[in-house]
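User: I would like to learn how to read the features of a protein model. Could we go through them one at a time?

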Amino acid sequence: MNSPREIAPQETTAAQAQAAIVEEFAFFSDWSERYQYLIDLGRQLPPFPDELKTEPYRVHGCQSMVWLVPSGDAACMTFQATSDSAIVAGLIALILRVYSGRSAAEIVSTEPAYIQQIGLAKHLSPTRSNGLAAMLAQLKAYAAAMAA
């Protein structure tokens with residue numbers, strides 16, 4: 001089966017990326033299929049260099065091991081990230097899709113509305129929800145520092 005992401009065009013704004021994510025998750029009829037889709041998205045993350053798995057890039061507040069590395073400048077920030085958890089890697093793939101390749105100002109001003117819209121907030125364990133919040137906070141902190 002082709003996943004909806006394979007046929008979606010590259011979104012040009014964070015809002016368009018969020019709308020596309022909401023549309024893709026609507027394609028699945030239950031949460032077991034959505035979790036599997038998240039796992040599949042996580043498997044599609046680009047390889048993450050082991051030398052970047054260092055304490056300064058580690059996201060604290062996640063039960064899983066998560067690393068988030070910023071690059072670029074205020075006009076266009078990109079992020080590399082990975083996790084040792086399959087579902088968390090899928091959450092990372094969604095975060096990168098919404099936020100990576102955007103200006104620092106757009107990153108800081110973009111709220112992750114897709115999390116509520118696809119029902120993710122109520123289907124994550126408390127520890128995963130905390131980890132997701134920690135990842136978003138770290139990403140926005142990097143962007144805020146770049147924008148300053």
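User: Is Cys76 buried, partly exposed or exposed?

Analyst: First, what kind of model this is. This is a predicted model, in which local features need pLDDT of at least 70 and side-chain atom pairs count only at pLDDT 80 or more, while totals for chains, interfaces and linings use all residues. Residues are numbered from 1 along each chain as its sequence is written, and side-chain values use heavy atoms, with hydrogens and water left out. Now the term: buried means under 20% relative accessible area, exposed means over 50%, and partly exposed is in between, with a 1.4 Å probe and protein chains only. Cys76 has a relative accessible area of 37%, so this residue is partly exposed.

User: Where does Cys76 lie, and which residues does Cys76 touch?

Analyst: Strands and helices come from DSSP runs, numbered from the N terminus: a helix is a run of H or I with at least four residues, and a strand is a run of E with at least two. Cys76 lies in strand S2. Contact means heavy atoms within 4.5 Å. Not counting residues up to four places away in sequence, Cys76 touches Ser71, Gly101, Arg102 and Ser103. Position along the chain and position in space are separate matters: Cys76 and Met146 are 70 residues apart in sequence, and their C-alpha atoms are 9.9 Å apart.

User: How many disulfides does the structure hold?

Analyst: A disulfide is a pair of cysteine sulfur atoms within 2.5 Å. The structure holds zero disulfides. Another cysteine, Cys62, has a relative accessible area of 12% and is therefore buried.

User: Why does Ala75 count as exposed?

Analyst: Ala75 counts as exposed because its relative accessibility is 62%. Its place is in the loop between strand S1 (66-73) and S2. Leaving aside neighbours within four places in sequence, Ala75 is in contact with Arg102 and Ser103. Its C-alpha is separated by 24 Å from that of Ala133, which is 58 residues away along the chain.

User: Where is Gly72 found, and is Gly72 buried or exposed?

Analyst: Gly72 is found in strand S1. Its relative accessibility is 51%, so Gly72 counts as exposed. The C-alpha atoms of Gly72 and Val59 are separated by 19 Å, with the two residues 13 apart along the chain.

User: Where does Ser64 lie, and why is Ser64 called buried?

Analyst: Ser64 lies in the loop between H3 and S1. With a relative accessible area of 18%, Ser64 is buried because of the cut-off for that word. Leaving aside neighbours within four places in sequence, Ser64 is in contact with Ser83, Asp84, Ser85 and Val88.

User: How many residues does H4 have, and how far does H4 reach?

Analyst: The expected span of a helix is 1.5 Å times one less than its number of residues. H4 has 14 residues and reaches 20 Å from its first C-alpha to its last, close to the 20 Å expected. H4 is mostly covered, with 13 of its 14 residues buried. After H4 comes Gly101, whose phi is positive, near 85 degrees.

User: Which residues of H3 are buried?

Analyst: An α-helix has 3.6 residues a turn, so residues three or four places apart point the same way. Helix H3 covers residues 31-43 and reaches 18 Å from its first C-alpha to its last, close to the 18 Å expected. Its buried residues are Trp31, Arg34, Tyr37, Leu38, Ile39, Leu41 and Gly42.

User: What volume does the largest cavity have, and which residues line the largest cavity?

Analyst: On a 1 Å grid over the protein atoms alone, a cavity is a set of points where a 1.4 Å probe fits but cannot get out, and a pocket is an open set with protein on both sides within 12 Å along at least five of seven lines; lining residues have an atom within 4 Å of a point. Grid points are joined across faces, edges and corners, and a volume is the space filled by probe spheres set on the points. The structure holds one cavity of 30 Å³ or more. The largest cavity has a volume of about 40 Å³. Its lining is Val59, Val66, Trp67, Leu68, Ala81, Ile92, Ile95, Met135 and Leu139. The largest share, three residues, comes from S1.

User: What volume does the largest pocket have?

Analyst: The largest pocket has a volume of about 280 Å³. It is lined by 15 residues, of which Gln44, Leu45, Pro46, Ala93 and Leu96 lie nearest its centre. H4 gives the largest share of this lining, four residues.
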